[in-house]
Amino acid sequence: QVQVVESGGGLVLAGGSLRLSCAASGRTWSLYAMGWFRQAPGNEREFVAVITLSGGRTYYADSVKGRFTISRDNAKNTVYLQMNSLKPEDTAVYYCAADRSPFLVTDAPRPSKYDYWGKGTQVTVSS
């Protein structure tokens with residue numbers, strides 16, 4: 001129905017920047033929001049940021065607020081995550097997620113609320 005594919009991961013020094021991309025295909029008109037989660041080895045999946053596709057409303061985890069920016073290009077069916085001032089603790093596999101239905105801000109960090117997931121892209125921040 002909907003496929004999402006992440007790209008843009010890599011290895012950077014602490015303080016550096018990366019921009020991740022998530023391209024959606026299929027029934028993209030059915031999507032309400034797209035966001036990013038991350039998961040480090042041994043940890044549970046952690047919410048990073050989400051954006052509504054129609055209005056561009058954003059919500060960020062406290063750990064990345066002020067450093068990361070989520071944006072969208074609806075013409076390209078693509079969502080971006082600009083990551084600045086990267087820290088070693090940002091090291092993780094970053095997953096793109098898409099959801100079909102509106103939800104409360106309080107529900108945004110819950111992985112179970114998202115309908116489609118990418119396979120992830122590795123981000124490594126070296127100190």
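This briefing walks through strands, salt bridges and a cavity in the structure above. The model is predicted, so please keep its thresholds in mind: local features need pLDDT of at least 70, side-chain atom pairs count only at pLDDT 80 or more, and totals for chains, interfaces and linings use all residues. Residues are numbered from 1 along each chain as its sequence is written, and side-chain values use heavy atoms, with hydrogens and water left out.

- Strands here are DSSP runs of E with at least two residues, numbered from the N terminus.
- Buried means under 20% relative accessible area, exposed means over 50%, and partly exposed lies in between (1.4 Å probe, protein chains only).
- In a regular strand, side chains alternate between the two faces of the sheet.
- β2 and β11 run parallel and are joined by 4 bridges; two strands count as paired if DSSP finds at least two bridges between them.
- Strand β9 (residues 92-99) pairs with β11 in the antiparallel sense over 3 bridges, and Val 93 has Gln 122 as its bridge partner in β11.

- Leu 13 lies in strand β2 (residues 10-13), and its bridge partner in β11 is Ser 126.
- Leu 13 is exposed, with a relative accessible area of 59%.
- Leu 13 touches Val 125 and Ser 126, not counting residues up to four places away in sequence; contact means heavy atoms within 4.5 Å.
- Leu 13 and Val 125 are 112 residues apart in sequence, yet their C-alpha atoms are 5.4 Å apart in space.
- Ser 21 sits in strand β3 (residues 18-26) and counts as buried because its relative accessible area is 17%.
- Leaving out residues up to four places away in sequence, the contacts of Ser 21 include Trp 36, Val 79 and Tyr 80.

**Salt bridges**

- The structure holds 5 salt bridges, each being a side-chain nitrogen of Lys or Arg within 4 Å of a carboxyl oxygen of Asp or Glu.
- Arg 38 and Glu 46 meet at 2.9 Å, N to O; Arg 38 is buried at 6% relative accessibility, whereas Glu 46 is partly exposed at 34%.
- Asp 90 and Arg 67 meet at 2.8 Å, N to O.
- This pair links distant parts of the chain, 23 residues apart: Asp 90 is in the loop between β8 (78-83) and β9, and Arg 67 is in the loop between β6 and β7 (68-73).
- Both Asp 90 and Arg 67 are buried.
- Arg 38, Glu 46, Arg 67 and Asp 90 are linked in a network of salt bridges.
- Asp 107 and Arg 110 also form a salt bridge (2.9 Å, N to O), with Asp 107 buried at 13% and Arg 110 partly exposed at 44%.

**The cavity**

- There is 1 cavity of 30 Å³ or more; a cavity is a set of points, on a 1 Å grid over the protein atoms alone, where a 1.4 Å probe fits but cannot get out, and lining residues have an atom within 4 Å of a point.
- The largest cavity has a volume of about 90 Å³, where volume is the space filled by probe spheres set on the points, which are joined across faces, edges and corners.
- Among the residues lining the largest cavity are Ala 33, Arg 57, Phe 103 and Ala 108.
- β5 (46-52) and β6 (58-60) are the elements that give two or more residues to this lining, and β5 gives the most, with 3 residues.
- The lining has 8 nonpolar, 2 polar and 1 charged residues; Ala, Val, Leu, Ile, Met, Phe, Trp, Tyr, Cys and Pro count as nonpolar, Asp, Glu, Lys and Arg as charged, and the others, Gly among them, as polar.

Note on methods
1 Å grid on protein atoms, 1.4 Å probe; cavity = no way out; pocket = protein on both sides within 12 Å on 5 of 7 lines; lining within 4 Å.
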